[in-house]
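I opened this notebook to record, step by step, what I looked up in one structure and what I found there.

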Amino acid sequence: ALPLIIDTDTGSDDAVALLLAAASGLGDVRAVTTVAGNVPVAVAARNALISLETAGRTDVPVHLGCGGPMLRAASDATEVHGEDGMGDTGLPDPRTAPRDGHAVEALLSHAHRHPGELTLVTLAPLTNIAAALLIDPELFTRFRHVYCMAGAADLTGNVSPTAEFNVWADPEAARIVTRAATADKVTWIGWDVSRKDAVMHPADQQRLAELGTPMATFAHRINRTVAEFARTVTGLAGYDLPDPIAMAVALDPGLVTEQERAYVEISLADETRGQMVIDRRLVAPPANLTLVRRVDEAGFKKLLFDTVAAPDRR
Ligand code: BDR
Ligand code: CA
């Protein structure tokens with residue numbers, strides 16, 4: 001199984017991604033680092049512990065990280081994911097607690113102890129990663145690969161006309177990340193991929209609701225507010241799963257059906273805050289990101305349903 005470090009602002013779709021990482025058999029979660037984003041960092045850590053426990057992993061160290069973006073005011077997404085980030089279904093407290101040691105220290109120490117071995121998957125604003133890069137500019141070379149749920153390569157955003165939440169929330173951090181990245185090491189899976197290839201259509205939602213296993217029921221319930229938001233605000237019959245599709249690509253890169261390499265800069269201008277400026281000119285600087293554009297939807301859903309159909313692991 002793939003040794004993983006996961007950076008997350010655990011809300012409902014992060015939680016499903018954690019199930020994939022911890023219970024699909026494809027991942028070996030070594031540590032989870034948390035950051036403010038969907039919810040405040042302490043809530044993200046609580047939700048990460050609950051999700052890992054649901055997947056039968058009470059041994060994974062979970063660390064608290066940065067409590068807000070580098071320069072910008074913190075902005076959560078509780079209107080989408082619920083006040084608790086998990087659909088407000090009254091989840092009981094986790095049996096385990098976060099470990100000592102800041103998330104940024106944990107990221108650095110794992111990467112240094114296992115050079116070239118670990119895969120980093122980020123599902124959140126990039127604050128912890130940028131902070132770690134300021135301490136160790138060579139950080140990315142120490143990972144086997146880095147996958148980020150970040151951006152919108154088709155320039156259709158979810159928090160602004162052109163920006164995706166994880167990049168928009170901390171655009172300075174995202175810029176530090178893209179400037180340190182190289183396309184052979186860092187892959188972004190954006191909002192566009194999720195909207196195309198990771199939509200939970202009504203039939204998928206029903207299937208999840210009816211499976212009856214603890215992980216399926218958990219995944220269904222915590223996405224309650226997301227499903228409602230999709231229906232009432234965006235007018236879509238299905239909600240999508242950005243973090244799980246990014247995790248699926250990390251666990252099984254063979255799921256990717258279309259990708260490109262490009263030089264990407266992150267806009268810090270007010271009107272286009274967090275927009276990806278993708279340089280596709282022939283004279284562009286060397287590509288710093290691999291941008292996944294399409295994923296095998298059926299393969300993704302098979303991985304998702306096979307994972308959550310497993311019997312009780314708690
Ligand atoms: C991203 O923002 C959060 O709402 C999701 O968890 C995902 O990481 C999508 O824009
Ligand atoms: Ca997330």
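**Entry on conventions.** I am working with a predicted model, in which local features need pLDDT of at least 70 and side-chain atom pairs count only at pLDDT 80 or more, while totals for chains, interfaces and linings use all residues. Residues are numbered from 1 along each chain as its sequence is written, and chains are lettered from A and ligands numbered from 1 in the order in which they are written.

**Entry on the record.** I found that an unreviewed UniProt entry gives residues 4–301 the annotation "domain: Inosine/uridine-preferring nucleoside hydrolase", and I noted that such annotations may be inferred rather than shown by experiment. The span 4–301 is 39% helix and 18% strand, and its end C-alpha atoms lie 21 Å apart. Helices (H or I, at least four residues) and strands (E, at least two) are DSSP runs, numbered from the N terminus.

**Entry on valine 16.** Is valine 16 buried or exposed? Valine 16, which lies in helix H1, counts as buried because it has 26 C-beta neighbours inside 10 Å, where 20 or more make a residue buried, 12 or fewer exposed, and numbers in between partly exposed. Leaving aside neighbours within four places in sequence, valine 16 is in contact with Ala219, Leu241, Asp243 and Pro244.

**Entry on ligand 1.** I counted as near any residue whose C-beta atom, placed from the backbone, lies within 6 Å; of the 15 residues around ligand 1, Asp13, Glu164, Phe165, Pro242 and Asp243 come nearest. H1, helix H6 (165–169) and helix H12 (242–251) each give two or more residues to this shell.

**Entry on the strands.** Strands pair if DSSP finds at least two bridges between them. Strand E9 (residues 256–266) pairs with strand E11 (residues 289–295) in the antiparallel sense over six bridges, and glutamine 259 has valine 292 in E11 as its bridge partner. E9 also runs antiparallel to strand E10 (residues 276–279), joined by four bridges, and here valine 264 stands opposite isoleucine 278.

Definitions and conventions: Contact = placed C-beta atoms within 7 Å.
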